[in-house]
Amino acid sequence: MSPHPQSGRHARLVDPALALLTAVGIAAGPAAVGAPLSWHGTFALGVILGGLLLVRRSRPVPVLVLSAAALVGYQSAGLFEGGGVWPLSVALFTAALTRPGLASAVATLALAGGLALQGLDASETLARGGVELLWLALVTAAASSWRQYGRWRAEHRARLLQLEQTRLVEQRLTISREVHDVVAHTLAVVGVHLNVAVEALDDSPEEARAALRTAIAVRSRAMTDLKTFVGELRDVPQHGLESVADLVAQAEAAGLDVRYDTEGDVEALPAAQALTAYRVVQEAVVNTLRHSDAGRLTIQVQAGPQALVVTVTDDGRSAAGFTEGHGLTGMRERVTALGGTLHVDTGDGFAVRAVLPLTDHLTGLAP
């Protein structure tokens, strides 16, 4: 899963451009300060590090490790003296988006190894090491800022979507009240005129016919109103588990490494359970983006013969102080309304597990 905010179309353009820029920079950088160039030295290293960047999205940490190993190897052989961190800038930035601590450790070890193997004196080692560490800090800080921006953008998009869905739900409730009022009013008026027609049928046929005409007119107006309301209800979109893919894309755009697994026939689920499962995943993803400094997010949906189990977990480290808000309360109410259970765990990361029965919890019969 890609941890980057760019789309696949942009990635096809950005990654080759970064690979080429890295290769050219590694080849031309030392020349700018008067270092000798060699095909088997700077050019070959540029090709290696640039080529590795073509798979940086799918394998960010391995790309950084291999790039660091190649750089240290060339430095130890005396084939490259251009620096210990800046040639790794793109690979370091990419790995730091999901594994900042590990990325910094790999780059620091590569820097230390390169300086030690080049046989520099103490003052030169300190000078070059200080500059390289400053660059390392700048790259990791930029990655952290980019990751937080992606999370903010994904959370903002999710909140806007949630507000729109809330508006649609309120619209449906309004329409349902209107339908109730129309039906109740129509039945009352028609009932009155039918009673008048029955009582006047023998003594005053004209009065009976007038009452029947009024009842028919009221009924016709009510049918027109009901058709309008039903048409509006049909235009209100409903979400199911097929919409989880959009949530996965939002989480990936925010810098999370997402794994989404399904088990069983999720396409055959009843609409109510599918919608509630989607809401559980949606709220859990929003909570991860908002409250947890997580790098990984796992979504599991298991559709069994008796129950639908939805589990969402992350590896965040700041969830311990999390308190349940309106979103989780609404999620719990949705699950309980279907006879299910919801468990939220904030001890080690953030975890939500919802169990939704696939049988009617009132009658015990399958829907």
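Me: What are the ground rules for the numbers?
Reply: This is a predicted model, where local features need pLDDT of at least 70, side-chain atom pairs count only at pLDDT 80 or more, and totals for chains, interfaces and linings use all residues. Residues are numbered from 1 along each chain as its sequence is written, and side-chain values use heavy atoms, leaving out hydrogens and water.

Me: How many helices and strands are in the chain?
Reply: Both are DSSP runs numbered from the N terminus: helices are H or I with at least four residues, strands are E with at least two. The chain has 10 helices and 5 strands.

Me: What share of the residues in the chain is buried?
Reply: Buried means under 20% relative accessible area, exposed means over 50%, and partly exposed lies in between (1.4 Å probe, protein chains only). The chain has 367 residues, and the buried share is 40%.

Me: At what angle do helix 3 and helix 4 pack?
Reply: Axes are lines fitted to C-alpha atoms, for helices over the stretch in contact, and angles run from 0 to 180 degrees between N-to-C directions. Helix 3 covers residues 60-76 and helix 4 covers residues 89-96. Their axes are 8 Å apart, and the angle is about 150 degrees.

Me: Which residues of helix 4 meet helix 3?
Reply: Contact means heavy atoms within 4.5 Å. Helix 3 brings Pro-60, Val-61, Val-63, Leu-64 and Ser-67. On the side of helix 4, the partners are Ala-91, Leu-92, Thr-94 and Ala-95.

Me: Why is helix 4 largely enclosed by the rest of the structure?
Reply: The buried residues in helix 4 include Ser-89, Val-90 and Ala-96. Ala-91, Leu-92, Thr-94 and Ala-95 are buried too. Helix 4 is largely enclosed because its buried residues number 7 of the 8.

Me: Is Val-65 buried or partly exposed?
Reply: Val-65 lies in helix 3. Its relative accessible area is 38%, so Val-65 is partly exposed.

Me: Why is the pair of Trp-146 and Tyr-149 tilted?
Reply: Rings of Phe, Tyr and Trp (its six-membered ring) pair if their centres lie within 6.5 Å; planes under 30 degrees apart count as stacked, over 60 as edge-to-face and the rest as tilted. By this rule there are 2 aromatic pairs. In the pair of Trp-146 and Tyr-149, the ring centres are 5.6 Å apart. The pair is tilted because the planes lie at 35 degrees.

Me: How far apart are the ring centres of Tyr-149 and Trp-152?
Reply: Tyr-149 is partly exposed at 37% relative accessible area. The planes of Tyr-149 and Trp-152 lie at 25 degrees, so the pair is stacked. Their ring centres are apart by 6.2 Å.

Me: Which residues do the ring pairs link into a cluster?
Reply: Tyr-149 and Trp-152 are 3 residues apart in helix 6, about one helical turn. The cluster consists of Trp-146, Tyr-149 and Trp-152.
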